[in-house]
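Work through these exercises with the model open. Each task comes with a stepwise solution.

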Amino acid sequence: MDSFIYDCIKWVFRLMTKVFFREIKVRFIDPGLVIISNPRRFSPLMAQSSFKRKIVGTMARLLKAIPVTRSQDLAFKGSGQLVSDKHCRLVLNGKHTRFTQQVFPRDTLVVSKTNSFQVSQVISDTELRLTETLTDEAIDRINKSEAYKIIPHVNQSRLYEKVHERLNSGVCLVIFPEGGSHDRSEMLPLKAGFAIMALGAMAENKDLDIKIVPIGLNYFHPHRFRSRAVVSYGTPISVKPEWIKAYQLGGHFRREAIASLLEVGYEGLQSVTVNAPSYDVLMTIATARRLYKSTAEHKLTIDQVVDLNRRFLSSYKHFEKDPRLVDITKRIQSYNNTLKYFGLRDYQVAKTEIAPYSAAPVLFSRLLKLFFLAIFGFPS
């Protein structure tokens, strides 16, 4: 019965994606994986807040998803105002605050997107100790900010128990290690959860052999109807025995083991995603790829486009300071600015030489639009 429900949900999602996306490519970096791999049923880890939605929550329960309580979903505004201590940078004071009622050790105080502090000890309603010393920038931000948020620490031990039970029973799990969706040009730092789950499960069960498969989701104009997407599967990552032993030792050995697996996982995800240091660089790479003339006569497939983007980015990062690359980058950016000035897309450049009878309607419509904009644009 569970298999039937899973297959029904899978069919619904497949139908939805077929309607929304006009092309979806599933590509394995290692061609051998295509031969030996088979579709597997899985249980996703989903935010607890998603279970509260009617449709999403129902599907999550049918898929036997594991709910994850995210600390950011529990954030709330703290009372009073934070004040930096003049004598000690590890101490944070408060004005009209209620630290003993609202804050606990390991909670995080947030004053801005780039300034957050973990609490080590709550001394009184107006004084607490931090785990790390405050920087000059943080002190300046605290003194200027009137509001702050408190993000409670969440004990995930029960979650790890559920994950270990599923892994021991041979269930495949899907985790989004960045902790949320975003539209940045590169990946967010990975959460340590997946590393703790894998190491903890293998430390408890010596017969368990977990493989971590990085999956990259690459969208082309995701907000457009009938757009395209590429799903890339990377080389499976094995958990080294020395990491498991270090994890069992605890303390800084455990932290080093988690950090090692996180680093390998990050590298694996980088191999299946397109990561640019900034949006401008990403646009430059995309334009360079479109201007690139391949020796092949046929049009590149969508997965070849993604692979070419990765190769261009890899070369860009390697030769970033090379004068020739700097010159090409400036010329491409100038080209993009020219396109933006004339309101053109890159693919339209080759089609600019059109007959007068084809250009006349476009010219007329734009003159008409300009006329009405001019009328409504002038002050009365």
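**Exercise 1.** How do the residues of the lining of the second largest pocket divide into nonpolar, polar and charged?

*Solution.* Start with the ground rules. This is a predicted model: local features need pLDDT of at least 70, side-chain atom pairs count only at pLDDT 80 or more, and totals for chains, interfaces and linings use all residues. Residues are numbered from 1 along each chain as its sequence is written, and side-chain values use heavy atoms, without hydrogens and water.

Step 1: On a 1 Å grid over the protein atoms alone, a pocket is an open set of points with protein on both sides within 12 Å along at least five of seven lines; lining residues have an atom within 4 Å of a point.

Step 2: find the lining. It holds 14 residues, with Ala288, Phe312, Leu325, Ile328 and Ile332 nearest the pocket's centre. α10 (279–291), α11 (302–318) and α12 (323–342) each give two or more residues. α12 gives the most, with 5 residues.

Step 3: sort. The lining has 9 nonpolar, 3 polar and 2 charged residues.

**Exercise 2.** Which residues line the largest cavity?

*Solution.* Step 1: a cavity is a set of grid points where a 1.4 Å probe fits but cannot get out.

Step 1: read the lining. Gln81, Leu82, Val111, Ile142, Ser145, Glu146, Ala147 and Tyr148 form it. They divide into 5 nonpolar, 2 polar and 1 charged.

Terms used
Helix = DSSP H or I, 4+ residues; strand = E, 2+ residues; numbered from the N terminus. Nonpolar A, V, L, I, M, F, W, Y, C, P; charged D, E, K, R; others polar.
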